[in-house]
Amino acid sequence: MSDAIKHECGIALIRLRKPYQYFIDKYHTPLYAVHKLSVMMEKQVNRGQDGAGVANIKIEVPPGRRYISRYRSVEPQPVADIFAKVHKKFRKALKDNKDRATDAKWLQENVAFTGELWLGHLRYGTHGANEVENCHPMLRQSNWRSRNLVMAGNFNMTNVDELFGKLVSLGQHPKEKVDTVTVMEKIGHFLDEENQRVFDRFKGIFENPTLSDVIEDNIDLQRVLHRSCRDFDGGYAMCGLTGHGSAFIMRDPAGIRPAYYYADDEVVVVASEKQAIKAAFNVEYSQIQEITPGAALIINKEGEFNELTILPQAEKRSCSFERIYFSRGTDPDIYNERKKLGKLLIPQILEEIDYDLENTVFSYIPNTAETSFFGMIEGLEEYLAKKRKHAIMEGILFEEELDKLLSFRPRIEKLVTKDVKSRTFITADELRDDMVSSVYDTTFEVVRKGIDTVVVIDDSIVRGTTLEKSILKMLDRLGPKKIVIVSSAPQIRFPDCYGIDMSKLKDFVAFRATLKLLEERGLDYLREEVYTQCAGTLASKNAYSTNFVKALYEPFTDEEVSKKVAEIIRPAGLKAELSVIFQNVDNLHKACPDHLGDWYFTGNYPTQGGNKVVNKAYVNFHEGKLVRAY
């Protein structure tokens, strides 16, 4: 997007299902898993550039040998930094032991990162400072293998306060009141209880150290996850590794956050995006499965796996922003969905330009909107094809007019280019308004001054800041008669609370436009009414029932809000006419029928916690508090 936003996060998991020696013999390297995980993580760098982490567990190494290894980094290229360190470990260990390079037993007893179970994570930090301590995977340690827990995830909980309180009521003393720590400690608590349950069951039958192996073989992770997750409210795809070599990947009941897996006789792998698995293992997309919402893919100590129900599946509300913007567009389904988003905008565009294609230039910003741009052009071509067919069948054109109609093509130009590799957002919220706009460049002498209309498609318009401060000014220098900004996503009206950094209402240009309309139409009293309702429901602890903020938008049509958005983002001194077109929600659902999570556009949250967050967000706005609502 021109107004880039952050989101949490990317996960990658690999379980080698054959002995470590098998991979050394077959692939002639002890670094098979290292290479595969690095590819999976690099292909998901779009999901997190603030930091990264990797954890590895060796299964069945002798006592006294380190069996859990972890590296985390917040360097400018954290994934490359981590794997450079891993390779350095191997080089150092094999420097004087070159003959041991193919000896799996020696490697596992003497070299870190030679285990069968791997977990990688990419972080966009929407909470906390960008420090290595905030990077996943997180580690909960114990001297008992089966009580060790390594966790990473793509998640955000709306009820952290309640979860924290339950931990305290269980007798714990968590070190931080954040969802990452709260989630890990809650799962860790029930993992400890499960260890104790199995110990009590078998303690009179087996003696140590055999009893430890019996405990590991009988731990019921499905039971642990059910007891841990039943009161979670949020969007999540979370991965956990136990010290003895089991693993789980749990997905929220509404399928808000994505998670996919592939398995064969050598590996089980999991990632946030199909493309990461495809790139690393070169499998067919049809072989990559989606983890069922409310279920967990559980891999046991022996490498056997099964997808088991943990929580009742809710109505599926997968995040549509994954399809519009976040996930890589090289996934064939996402590619086609983005094209369709562009194509479905054609009727609105044609009406806005008064069907004058001859004097209109089409382009896109930023590079990620290119696919929806292709769809928009495809839609124009289909419109022209119908027009040609109608003219020919009517038979009323002279030869010259027919030649012109048959040869006409939409005018396509690349008008705005991102000319540096750095991202346009600034991490610190307090500096957001100072976002610089010098990362774009413009193509001159392709627009006829005072004659042409310029239609530019964007993924989505969130704050409108970059449009106002740079892009519109740059386009205006080209001399168009009119500028039409087209958003392939609908108007963002409500905060997200499931992992996307869109939490403050005042940031949304559609919300600011609505406030202006309320003021102009004499409906400003609604602001106070909604505040009273939101504050009252928060005070009564009944904030989960209703999204009261919806009432602010009800008096106005989408077109009225769009028109006001155009007024708000219009820079001082802009010479061209300006209009803004947004996708509508019905067309979004047509383009992405399997990903109906639209709460940022409609306010229809998939969990009750969403209503609490939006009501609290409005109270924060009304009281002038520049803080997140979760």
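A search of the whole structure identifies 23 aromatic pairs. The structure is a predicted model, and the values reported below are computed from it. One of the aromatic pairs is formed by Phe23 and Tyr32, whose rings are stacked, with a centre-to-centre distance of 5.1 Å and an angle of 25 degrees between the planes. Phe23 has a relative accessible area of 1% and is therefore buried. Tyr32 is likewise classed as buried, because its relative accessible area of 8% falls below the 20% limit. A further pair is made by Phe113 and Trp118: the ring centres are 6.1 Å apart and the planes lie at 25 degrees, so this pair is stacked. Both Phe113 and Trp118 are buried. Elsewhere, ring pairs connect Phe321, Tyr325, Phe326, Tyr498, Trp599, Tyr600 and Phe601 into a cluster.

Lysine side chains are also placed over aromatic faces. Lys36 lies over the face of Phe281, at 5.2 Å from the ring centre, and Lys85 is positioned over the face of Tyr71, at 5.9 Å from the ring centre. The axes of helix 2 (residues 32–42) and helix 9 (residues 274–281) come within 8 Å and cross at roughly 140 degrees. This crossing of helix 2 and helix 9 is right-handed.

The largest nonpolar core comprises 74 residues, and Phe321, Leu475, Ile485, Tyr600 and Tyr618 are the members with the most contacts inside it. Helix 16 (residues 509–520) supplies the largest share of this core, with seven residues. A second, separate core contains 42 residues, among them Val79, Trp118, Val269 and Val283. Trp118 of this second core is the residue whose ring stacks with that of Phe113. In the largest core, Phe321 and Tyr600 are also members of the aromatic cluster described above. When neighbours within four places in sequence are left aside, Leu475 is in contact with Leu415, Val416, Val454, Val456, Pro480, Ile483 and Ile485.

Ser487 is located in strand 19 (residues 482–487). With a relative accessible area of 0%, Ser487 is buried. Beyond its neighbours within four places in sequence, Ser487 is in contact with Leu345, Asp458, Asp459, Ser460, Ile461, Ile581, Phe582 and Gln583. Cys534 is part of helix 17 (residues 525–539), and its relative accessible area of 0% means that Cys534 is buried. Excluding residues up to four places away in sequence, Cys534 touches Phe548, Val549, Asn615, Tyr618 and Val619; of these contacts, Tyr618 is listed among the residues with the most contacts inside the largest core. Cys534 and His226 are separated by 308 residues in sequence and by 32 Å in space, C-alpha to C-alpha. In helix 7, the buried residues are Leu211, Val214, Ile215 and Glu216, and the buried residues of this helix pack against helix 6.

The bond from His136 to Pro137 is cis, with omega near -5 degrees, and Pro137 lies in the loop between strand 4 (117–123) and strand 5 (138–140). The bond from Asn208 to Pro209 is also cis, with omega near 5 degrees. Pro209 is placed in the loop between helix 6 (179–202) and helix 7 (210–218), the helices that pack through the buried residues of helix 7.

Positive phi values in residues other than glycine occur at two glutamates. Phi of Glu60 is near 65 degrees, and Glu60 is situated in the loop between strand 2 (51–57) and strand 3 (68–73). Phi of Glu445 is likewise near 65 degrees, and this residue falls in the loop between strand 17 (440–442) and strand 18 (453–458). Glu445 is classed as exposed because its relative accessible area, 71%, is over the 50% limit.

Notes: Residues are numbered from 1 along each chain as its sequence is written. This is a predicted model: local features need pLDDT of at least 70, side-chain atom pairs count only at pLDDT 80 or more; totals for chains, interfaces and linings use all residues. Side-chain values use heavy atoms; hydrogens and water are left out. A nonpolar core is a set of buried Ala, Val, Leu, Ile, Met, Phe, Trp, Tyr and Cys residues joined through side-chain atoms within 4.5 Å. Buried means under 20% relative accessible area, exposed over 50%, partly exposed in between (1.4 Å probe, protein chains only). Helices (H or I, at least four residues) and strands (E, at least two) are DSSP runs, numbered from the N terminus. Contact means heavy atoms within 4.5 Å. Rings of Phe, Tyr and Trp (its six-membered ring) pair if their centres lie within 6.5 Å; planes under 30 degrees apart count as stacked, over 60 as edge-to-face and the rest as tilted. A charge sits over a ring if NZ of Lys or CZ of Arg is within 6 Å of the ring centre and within 35 degrees of the ring normal. Axes are lines fitted to C-alpha atoms, for helices over the stretch in contact, and angles run from 0 to 180 degrees between N-to-C directions. A crossing is left-handed if the near helix is turned anticlockwise from the far one by less than a right angle, and right-handed if clockwise.
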